[in-house]
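Me: Please examine the model below and discuss its salt bridges in turn.

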Amino acid sequence: MATLARLQQRLPSFKEEYYSRNRCVDEYRKTEYYAAVKIQSWFRGCKVRAYIRYLNKMMVFIQKWWRGYQGRKKFRKMVETAYFIMKMNFYNEMAVRIQRRWRGYYVRKYIHNYYALKKYLEVVALNNEMVRKELEEFAEMKEKEEVKKALEREKKKKDYLARKMHYLLSTQQIAGIYNSPYRKEPDPWEMQLRKAKPLRHKKKIEKNAMDFPIYADSFGLQTMPTLPPIQRQKPQGPFRDTVDVLQQRFKPLEPSVQVVASSSSFQLAQEKQRQEEWRNRIQDEKFMPFSYNVPGEYIPSMQRASKYGQSKYGFKYFREEHPEKWITKKDFLTVLPSIPLFGKFGQAYSRAGQFV
C-alpha cells in the first residue's frame, strides 16, 4: 500500500515527465524526419541526375551511331553515282570513237571518194587551163583589133587632115611649108599631101516645101498631114501642142501584148535554158565509188556546174562577180522579151486629153 501511496504521490510528476518526454520524443522525431527527408531528397536528386547523365550519354551514343550510319550510306551512294557517271562517260567516249571511225570510213568510201574527186579536180584544172588559154587568145585578139582600129583611125585622121590641108602642097613655083629647101629630104607630110585629094564641101540640098511625110490612118489609108499652125499665142489651160496631138492621132498601129509575147514563151525559154546548161556542162561523168552499193545518184547543181569555178551560195549573193575579169561590158540578157506597152506608161492619153 505504501508503494501505491508513493506512486499516487508521484503521479503528477510522472504525468509531467511523461508529457515532457513525449514532447521531446515528438520534437526529436520531427527533427529526424526532416533530416531523413533531406537525405532522401539529396540521394534521389543524385540518382536522378546520374540517370539523366546516363540517358544523355546513351542518347549521344545513339545519335553518333545513327549519323555515322547515315553518312556511310550517303557516301556509299555518292561513290556509286560517281562510278556510274565515270562508267557512262567511258561508254560515251568509246561510242564516239566507234562512230567517228565508222563515219570516217563511210564518208571515205561512199560520199567523199578521194580518187573520184581527184579525177574530177584534174578535169576541172584541165578545163580551167583551156578556158584561160582561150581567154588569153581572145584578149590578145581583141588587143590586136583595138591596135588595128587605132591605127586605122589615126590613118583616117591623117588622111582627113591631109585632104583638109591640101592647099599647103608645094608647087613647081613655090615650095610648101613641109618641103623646105633647107631639108635634105621632104617631110612625110609632104608625101601625104601628094597622095591625098583636096577636100570638097558638099552642096546643101534645098528641101521642097511640098515634100511632107505621108502618114497612114487607122484604116491603112494614106493621108496628107495638115499644114503647120499659124504662130499664135498659146491658150491658157492644160492643152498639148497641136503637132504632138496629130502625131499621136495618125501614128500606125502597134501589135498588142498578146501578139508580141505568146503564152508559151516562158516555157520555151526555160526549155532552151535547160538545153544550154546540159550542152555546156563541164564534167558529164558521175562520181562512181569503188563499191556498187551507191546510196544515191549525184546530181550536180547549176551553181557548182559553172565553168568559172565553184561559187559561194549564201544570203548575200549567188555568184561571185569580178568586174576586172569581164570580157565585155554588155548588160545581162533577160529570158523574156520586153513589152513595149509598159515603156509608154504615162505618155498615151485618151480623146478627152487625160493621161491613162
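**Salt bridges within helices**

Reply: The side chains of E129 and R132 form a salt bridge, with N and O 3.2 Å apart. The term denotes a side-chain nitrogen of Lys or Arg within 4 Å of a carboxyl oxygen of Asp or Glu. This is a predicted model, in which local features need pLDDT of at least 70, side-chain atom pairs count only at pLDDT 80 or more, and totals for chains, interfaces and linings use all residues. Residues are numbered from 1 along each chain as its sequence is written, and side-chain values use heavy atoms, leaving out hydrogens and water.

Me: How many salt bridges does this rule give?

Reply: Side chains of opposite charge can pair when their charged atoms come close. Under the rule, the count is eight salt bridges.

Me: Which helix holds both E129 and R132?

Reply: Helices are DSSP runs of H or I with at least four residues, numbered from the N terminus. E129 and R132 lie three residues apart, about one turn, in helix 2 (residues 114-164).

Me: With which residue does R274 form a salt bridge?

Reply: R274 is partly exposed at 48% relative accessibility. Its closest N–O distance to the partner is 3.2 Å, and that partner is E271.

How values were computed:
Helix = DSSP H or I, 4+ residues; strand = E, 2+ residues; numbered from the N terminus. Buried < 20%, exposed > 50% of the residue type's maximum accessible area, 1.4 Å probe, protein only.
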